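Trainee: Could we go through this one together, slowly, before I write my notes?
Mentor: Of course, ask whatever comes to mind.

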Amino acid sequence: MPDPADTAPRAATIAVLVENEAGILARVVGLFSGRGYNIESLTVAPVDEAKRISRITIVTSGTEMVIEQIKAQLDRLVPVHKVADLTLEGPHVAREMALIKVVGRGENRLEALRLADAFRASVVDATIGSFVFELTGSSDKLDAFIALMRPLGLAEVSRTGVVAIARGPASIHS
Amino acid sequence: MSATAPATAADARTMTGAEIVLRALKEQGVEVIFGYPGGAVLPLYDALFQQNAIRHVLVRHEQAAVHAAEGYARSTGKVGVVLVTSGPGATNAVTGLVDALMDSVPVVCLTGQVPTHLIGNDAFQEADTTGITRPATKHNYLVKDIRRLAATVHEAFYVAKSGRPGPVVIDLPKDILIGKGPYTDPPAEPHRSYRPQTEPDAEAIRRAVALLKRAERPVVYAGGGVVNSGPEASRLLTEFVRMTGMPCTTTLMALGAFPASDPQFLGMLGMHGLYEANLAMHGCDVMLNVGARFDDRVTGSLAHFSPGSRKIHADIDPSSINKNVKVDVAIVGDAARVLAALIEAWKADETPQDKAALTRWWRRIDEWRARDCLRYRQEGRIIKPQHAVKRLYEITRELGRDTIITTEVGQHQMWAAQFFGFERPNRWLTSGGLGTMGYGLPAAVGAQIAHPDALVIDIAGEASILMNIQEMGTLAQYRLPVKVFILNNEYMGMVRQWQELLHGGRYSESYSAALPDFVKLAESFHAVGLRAEAADDLDRVIREMLAVDRPVIADICVDKEENCFPMIPSGAPHNQMILGRDQEGGAAGVTDEGKVLV
Ligand SMILES: Cc1cc2nc3c(=O)[nH]c(=O)nc-3n(C[C@H](O)[C@H](O)[C@H](O)COP(=O)(O)OP(=O)(O)OC[C@H]3O[C@@H](n4cnc5c(N)ncnc54)[C@H](O)[C@@H]3O)c2cc1C
Ligand SMILES: Cc1ncc(C[n+]2csc(CCOP(=O)(O)OP(=O)(O)O)c2C)c(N)n1
Ligand SMILES: [Mg+2]
């Protein structure tokens, strides 16, 4: 009989340190599509130019067995240095940034501005008929703000996807 | 070329890219390459022409080049090397690469590429080889800087053979092959990020031994990883099984890792495995898996797989562990290292084994053995395919020659697995994971090149053999005395069997119509053609085939409608096996859930 822990899906935020080389992103993305794993978000950028290391943050979900598989599959990619399951390893900070364009005039425009203030979003572009807000926070916070903007003239959203790091003194490099 | 490093002409280590490649191959111990030329790799062929250290074997199709390299690798434990041109050369190689990936065979495949400045322009014979082969390889490289060329070749060999072995592609643009650059030696540290664990964790070994010592109904389930690890692992497996008195079964990929003649050998397990092996797996209380991957051909229905057992799994690839079956003790490490550690820990652990329980367990196994699940009846003129393999086995054993068997894919492959006994590893070469029809003949080319004095036989089906039949030309050119032993049932027998059992006997497109005359076909390829049409011809044809020191095709006309049993239908549990026509079976019906499985 399958253990219920193996069938209940959970979310996982996984950090992967990789060689900064051509094709590495295709390898990671191809692994997820080829094996049918789910990707909620994926971000990548170099974090150590001297050592040619990039960091990929993947938010995924699956049963415990699937998540263990995902980590093992990532780890066996030749250019992968390290895989860390931030969700499993303890408290971590996860942040996402969004640029949100709202088009409107009159009361809607004022309401959008008031809400932006309440969410501590900053205005990074403004015209008579539009704003671009910049908002950083948890994905939930971004979702909530975007939902509020919808009736107020939401025109366009661009999100970075999640970056994450463990809390406390321990480092992924140690 | 702008990519060329600024090196002085006096530097003896400055050479063309093609020369760098060959020098690096030589440094890696390469003696032979299987390949096929074309525009993009002409510089490499030119460099090959001007040296004698590395031999090139010209195949007739790039897929065959990879299978030949696999045959070479699997029969020697070395890395097999392939050289093909860009575009169609590379795409033709893809099936072979995936085959090597699925069966964990170390192969380095050099592919030509259009010059770097034309990449992405849809140039003549351009294909996105690294894109296409990314999911077909363990790793791949596109070399864009000649200064990285030698290091890339060295690294490719390290990646291909370490950890879980697999195929590696190096895509070589033509300007890199022509340009000049520095040759560099293999680095002291083989890789920055890839360092697989080979030494098992002592605590995991201790827990495994504690379980095994207390087992009342243990079974050892050994897989291809034991063969991958090298002959020492097979020796240690045999030692461990004998010292513990446990029964041992192997997968298709591990035939020969444990001696077939040993009384503790239960035979192959799985879909077409032996009754006793499958029932032992189903009924055991402790299972030790060494280097096998709980493949669906082996487990059948996962929900019903070995329901009462504690499972120990030793594998070099952590992703193989807990992938299909959740285990109680996970041991990451190389099979030989794991087995050596198990032997040591077994001796150190003073817990006495429950010998009485083990005796009872063997008594039950012997009852299952008494079913004689492979029994068949050879009566009358018509040759039973099982009988053909059995006689081939017995007659080759009489000869006492070192014998290597390759196979194609289908019923004949399963009969070969069931009726040919292997005492040593690296003598059984078959396509297990991908199940590639057309594997056997080119794999035999590779094996015969590696072992010129061995007897190499491809046990084939009449449909499969046509998939790489052009390699008869390679046999002729290099005078490779490979024997092609065709179990000709005039059907894609394995397909016909499923249609009979699962699709109401509607034999849709599974008849082998318009077959060539294999005797004449052999002759036109400068080989010897033989045919056995009746049971009385069989031994004579086998003996004649084995007596000639030339390539032979033996066309063995066998019973057209024989099925391969035992069979666990897809998705069924181990204890629901279909036995032969002559034997009252287990369950017959296949569920709809089972029908969707392949
Ligand atoms: C028509 C057909 C029917 C088939 N029927 C059956 C059947 O009845 N029974 C059967 O068994 N198979 C059958 N197969 C084959 C099946 O599909 C699989 O290929 C096979 O079962 C896998 O064998 P394996 O588990 O030994 O793993 P392999 O594919 O050989 O994998 C080796 C495992 O060992 C690990 N490994 C590699 N190197 C090392 C090392 N140095 N140390 C430790 N571990 C290592 C790898 O990580 C991997 O997990 C059939 C195939 C075909 C085409
Ligand atoms: C390249 C490829 N195509 C299709 C299949 C599916 N397939 C598996 S066995 C088989 C029939 C093989 O027929 P034959 O070689 O005559 O062997 P037999 O089963 O009759 O012994 C087919 C078509 C395959 N395994 N490989
Ligand atoms: Mg056939």
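Trainee: Which residues of chain B does UniProt list for "domain: Thiamine pyrophosphate enzyme TPP-binding"?
Mentor: UniProt lists residues 409–555 of chain B under that name, in an unreviewed entry; the positions follow the numbering used here, feature names are shortened, and annotations may be inferred rather than shown by experiment. Over residues 409–555 of chain B, the predicted model is 38% helix and 16% strand, with the end C-alpha atoms 17 Å apart. Helices (H or I, at least four residues) and strands (E, at least two) are DSSP runs, numbered from the N terminus.

Trainee: And what about the other domains, say the central one?
Mentor: The annotation "domain: Thiamine pyrophosphate enzyme central", also from an unreviewed UniProt entry, covers residues 205–342 of chain B, and over that span the chain is 36% helix and 20% strand, with end C-alpha atoms 6 Å apart. For "domain: Thiamine pyrophosphate enzyme N-terminal TPP-binding", the unreviewed entry gives residues 15–130 of chain B, where the chain is 44% helix and 19% strand and the end C-alpha atoms are 25 Å apart.

Trainee: Where does UniProt place the feature "domain: ACT"?
Mentor: UniProt, again in an unreviewed entry, places that feature at residues 13–88 of chain A, a span that is 34% helix and 41% strand and whose end C-alpha atoms lie 9 Å apart.

Trainee: How should I read the numbering and the letters, and what was left out?
Mentor: Residues are numbered from 1 along each chain as its sequence is written, while chains are lettered from A and ligands numbered from 1 in the order in which they are written. This is a predicted model, in which local features need pLDDT of at least 70, side-chain atom pairs count only at pLDDT 80 or more, and totals for chains, interfaces and linings use all residues, and side-chain values use heavy atoms, with hydrogens and water left out.

Trainee: Switching to the ligands, how many residues surround ligand 1?
Mentor: There are 37 residues around ligand 1, and the closest are G224(B), T251(B), R293(B), D315(B) and S320(B); a residue is near a molecule if one of its heavy atoms lies within 4 Å of it. By class, the shell around ligand 1 divides into 13 nonpolar, 17 polar and seven charged residues. Here Ala, Val, Leu, Ile, Met, Phe, Trp, Tyr, Cys and Pro count as nonpolar, Asp, Glu, Lys and Arg as charged, and the others, Gly among them, as polar.

Trainee: Which backbone atoms sit by its oxygens?
Mentor: A backbone N or O atom of M271(B) lies 3.1 Å from an oxygen atom of ligand 1, and one of G291(B) lies 3.0 Å from an oxygen atom of ligand 1. A polar backbone atom of G432(B) is also 3.0 Å from an oxygen atom of ligand 1. Taken alone, ligand 1 exposes 990 Å², of which the protein buries 96%; accessible areas come from the Shrake-Rupley method with a 1.4 Å probe. The elements giving two or more residues to the shell around ligand 1 are α9 (224–229), α12 (296–299) and α16 (411–419) of chain B, and α9(B) gives the most, with four residues.

Trainee: Okay, which residues come nearest to ligand 2?
Mentor: Of the 17 residues around ligand 2, Q411(B), H412(B), G435(B), S464(B) and G493(B) come nearest, and the shell has eight nonpolar, eight polar and one charged residues. A backbone N or O atom of G435(B) lies 2.8 Å from a nitrogen atom of ligand 2, a polar side-chain atom of N489(B) lies 3.0 Å from an oxygen atom of ligand 2, and a polar backbone atom of Y491(B) is 2.9 Å from an oxygen atom of ligand 2. Taken alone, ligand 2 exposes 590 Å², and the protein buries 76% of that. The elements that give two or more residues to the shell around ligand 2 are α16 and α19 (493–502) of chain B, with the largest share, three residues, coming from α19(B).

Terms used
Polar contact = N/O pair within 3.5 Å; in protein donor to acceptor, adjacent residues only side chain to side chain.
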